[in-house]
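Please look through the notes below with the structure open beside them.

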Amino acid sequence: MLKHQSRRCESKFLFSMSAMDLHLYGVSKLVSFFFALFILSVSATHVTLPQSPISKSSSSGSSGQINSNSVLVALLDSHYTELAELVEKALLLQTLEEAVGKHNITIFAPRNEALERGLDPEFKRFLLAPGNLKSLQTLLMFHIVPRRIGSDEWPRQSSGPVRHPNLCNDHVYLRSQGSGKRIIDSAEIVRPDDVIRPDGVIHGIERMLIPRSVQEDFNRRRNLRSISAVLPEGAPEVDPRTHRLKKPAAPVPAGAPPVLPIYDALAPGPSLAPAPAPGPGGPHGHFNGMRQVKDFIHTLLHYGGYNEMADILVNLTSLATEMGRLVSEGYVLTVLAPNDEAMAKLTTDQLSEPGAPEQIIYYHIIPEYQTEESMYNAVRRFGKVRYDTLRLPHKVVAQEADGSVKFGQGDGSAYLFDPDIYTDGRISVQGIDGVLFPAEEEEELKTEKKTASVVKVVTKPRRGKLLEVACRMLGAFGQDSRLSTCQ
């Protein structure tokens, strides 16, 4: 019995051992399977598959990061400061970053002296003009070749010139001379391999290379400007009295005061007819008057408190256009601008009459260039100063009061409240705290009649000779009381 039970226990133990072995065997197999998969994945990551150039360039372009050891960083930090400033002004940094991300580049950098003193000043102004950004970009990219060309890779004299494309879809020619000089187009390499970096090289050249397209654009702009600057001349006139040719008027230099007075240049009425030209030889269109008027109106709006004045100039009247045309013809203006509080006191009747807003503003425009300092010095020195206005024949009176300048007289006076709101040499805007009106002559006569004292003179009626004789005769007889005229 005991032997039989021991055999049963031994068989159960063996069965449990065999089941445990099978379980451990399955676990070990599973672990080895996952380990093999891990080894395969690790080995697969170390295998580099060939990439197409498109995917490589897209990945490099998408990163957009330039190494600190890049040739672009070296250019911006090098002694070619003039070229680096032109690259920044031409907005080419992103374009050059993309070019460096795709391939090595070679930069032919002109010396600072070549850009400062060797370049034509008129051509330099042409390049820096905002409208000629495309020409500036073309000029700079003409100096960059999208491949690495070291001094040891320069073509020999026997091989002749070698053509290389650049970044502006043009090409440059590299050649060598007998004395060992290296030439690119018509410029000599003065500092070969000046800056060497892993992604490019910079060679210093003696002067700037100018592509044909930029030169043609510059010549075209210069010719158009010279043609537009020629004043048209009419046929010669003959003096009918002397039967000789009239002498032409003396030429007026650009920027000189106009020939005609400003009142002759004013239009006959607001928005009715154009004003005449400033006269023979006058600087018509020398100044950009519309831009200056627009600037001072924007200044009024940003300054605050002068919105009503700006609204009258632009919307209610056409005085802004009129002022811009006058400034374009060479005239100078000083505007006494009432603030919004003063303009709010105007009644509807004062603004509803035809031409009333124009006449009010004309009285606030002085055909001179005056600043707060010049007007204050004038009233300090001369007491009362009368300034002409565009509203003929009325003048505005200025005098010193309370350490400031006071315009007008009596209740209709105004003080200089915000001095020098806008001053650009052609237009001066001075803020005042009241609206000015000219003193009418009829009102002055009425006030004088009211203030003058009235004296009544009583005169007796004059008697005739016959009546006097009759009165005497009646008086002799004591009867003169019968006639009232004899009393």
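**Notes on the fold**

1. In strand 16, L416 has I432 as its bridge partner. This is a predicted model: local features need pLDDT of at least 70, side-chain atom pairs count only at pLDDT 80 or more, and totals for chains, interfaces and linings use all residues. Residues are numbered from 1 along each chain as its sequence is written, and side-chain values use heavy atoms, with hydrogens and water left out.

2. Strand 15 (residues 414–423) and strand 16 (residues 427–432) run antiparallel and are joined by four bridges. Strands here are DSSP runs of E, at least two residues, and helices are runs of H or I, at least four, both numbered from the N terminus. Two strands pair if DSSP finds at least two bridges between them.

3. Helix 11 (residues 289–303) packs on this sheet and touches both strand 15 and strand 16. Its direction makes about 125° with that of strand 15. Axes are lines fitted to C-alpha atoms, for helices over the stretch in contact, and angles run from 0 to 180 degrees between N-to-C directions.

4. The sheet itself is open, with seven strands in the order 11-10-16-15-14-13-12 and mixed pairing. Strand 11 (365–366) and strand 12 (385–388) are its edges; each has a single partner strand, so one side of each lacks a neighbour in the sheet.

5. Strand 12 deserves a look. Buried means under 20% relative accessible area, exposed over 50%, partly exposed in between (1.4 Å probe, protein chains only). Strand 12 runs antiparallel to strand 13 (residues 395–401), with four bridges between them. Y387 has V396 as its bridge partner in strand 13. The two strands form a hairpin, with six residues between them.

6. Another open sheet has seven strands in the order 2-1-7-6-5-4-3, again with mixed pairing. Its edges are strand 2 (144–145) and strand 3 (162–165); each has a single partner strand, so one side of each is left without a neighbour. Strand 3 pairs with strand 4 (residues 171–176) in the antiparallel sense, over four bridges. There, P165 stands opposite H171 of strand 4.

7. Which members of the largest nonpolar core touch the most others? They are L83, I107, F108, L127, L140, I184 and I202, in a core of 44 residues. A nonpolar core is a set of buried Ala, Val, Leu, Ile, Met, Phe, Trp, Tyr and Cys residues joined through side-chain atoms within 4.5 Å. A second, separate core has 32 residues, including M323, L333, I360 and Y362.

8. Leaving aside neighbours within four places in sequence, I202 is in contact (heavy atoms within 4.5 Å) with V71, L75, Y80, I107, A109, R191, D193, D194 and V195.

9. Helix 13 (residues 319–328) is mostly covered, with eight of its 10 residues buried. Among them are E322, M323 and S328. Just after the helix, G330 takes a positive phi of about 105°.

10. The largest cavity is lined by L75, L83, V87, L96, I107, L140, H143 and I144.

11. Overall, the protein has 19 helices and 16 strands. Of its 487 residues, 34% count as buried.

Note on methods: On a 1 Å grid over the protein atoms alone, a cavity is a set of points where a 1.4 Å probe fits but cannot get out, and a pocket is an open set with protein on both sides within 12 Å along at least five of seven lines; lining residues have an atom within 4 Å of a point.
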